[in-house]
Amino acid sequence: MSDTKNVHLPATEQIPVISAELKHAAETLQEVGFGISVFGSARIPSDNKYYEMACELGKRLAEAGLMLIAGGGPGIMEAANKGAYEAGGRSVGLNIRLPRETSNNPYQTHSLQFEYFVSRKATFFMHSSAYIALPGGFGTMDELFEVITLVQTRKLPAAPIVLVGTAFWSGLLDWVREQLLGNKLISPGDMDLITLTDDLDEVMQVVNACCSQFAIEPTCEPTLPH
């Protein structure tokens with residue numbers, strides 16, 4: 001039988017743990033500055049082209065002096081952490097305890113452990129100045145659509161949101177245009193929040209246009225969505 005202890009804990013017992021996780025994350029990230037969040041699947045193998053792209057992306061972010069924030073697990077998360085770590089950059093892992101992911105990847109200069117998705121996800125938003133999503137499953141979609149919503153509603157400051165992998169993401173964006181925009185469920189300008197590309201040079205141009213100051217002044221106060 002799977003462990004369902006956390007599901008059955010009352011909220012009055014969960015909230016102090018969530019608050020403690022957020023406080024520890026804020027204190028840790030304040031020491032190292034704003035970063036670039038990279039989302040993507042834990043199930044992508046190391047011989048996949050997107051693993052290689054994530055590794056190269058992490059390397060380029062490190063070389064630009066920018067901190068990388070990833071989920072700390074295998075797959076795309078490992079690749080991004082690995083690229084930054086091996087290039088001598090700041091490589092943050094926001095690790096979560098899951099039955100499927102039994103260990104954290106070893107490519108982290110700063111490792112945070114979470115019991116709850118709510119505090120882990122808030123930490124991504126608390127100290128990121130740009131968001132890059134490579135192919136992933138439900139978890140990646142959850143992170144992506146939440147950050148789009150937070151930027152759209154101005155609960156977060158304006159920030160680049162870049163999707164890497166045109167073959168993977170194009171069908172989803174076509175559906176968003178046809179169904180959400182076509183039915184006037186979002187505004188035309190909302191599509192401009194997203195950049196779709198296969199070109200890591202373009203990714204770095206978008207990131208550097210908004211985030212280069214964080215390589216120069218890395219330390220500042222974390223801020224949660226309001």
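Me: Which residues are linked with Arg60 in a network of salt bridges?

Reply: Happy to start there. In this predicted model, Glu56, Arg60 and Asp201 are linked in such a network.

Me: What makes the pair of arginine 60 and aspartate 201 a salt bridge?

Reply: Their closest N and O atoms are 2.5 Å apart. The cut-off for a salt bridge is a side-chain nitrogen within 4 Å of a carboxyl oxygen, so the pair qualifies. Arginine 60 lies in helix H3 (residues 49–63) and aspartate 201 in helix H8 (residues 200–211), so the contact ties together parts 141 residues apart in sequence.

Me: Why are arginine 60 and aspartate 201 called partly exposed?

Reply: Arginine 60 has a relative accessible area of 24%, and aspartate 201 has 43%. Buried means under 20% and exposed means over 50%, so both residues fall in between.

Me: What makes arginine 120 and lysine 121 count as buried?

Reply: Arginine 120 has a relative accessible area of 5%, and lysine 121 has 16%. The limit is under 20%, so both are buried.

Me: Are glutamate 143 and glutamate 146 buried or partly exposed?

Reply: Glutamate 143, at 11% relative accessible area, is buried, whereas glutamate 146, at 28%, is partly exposed.

Me: How many salt bridges does the structure hold?

Reply: The structure holds nine salt bridges.

Me: Why does the radius of gyration of the protein agree with a compact globule?

Reply: A compact globule of 226 residues would have a radius of gyration near 17 Å, and the protein has 17 Å, so the two agree. The C-alpha atoms fill a box of roughly 45 × 45 × 35 Å along the principal axes, and buried residues make up 47% of the 226.

How values were computed:
Residues numbered from 1 in each chain as written. Predicted model: local features only at pLDDT ≥ 70, side-chain atom pairs only at ≥ 80, totals over all residues. Heavy atoms only, no water. Rg over C-alpha atoms; globule rule 2.2 N^0.38 Å. Buried < 20%, exposed > 50% of the residue type's maximum accessible area, 1.4 Å probe, protein only. Helix = DSSP H or I, 4+ residues; strand = E, 2+ residues; numbered from the N terminus.
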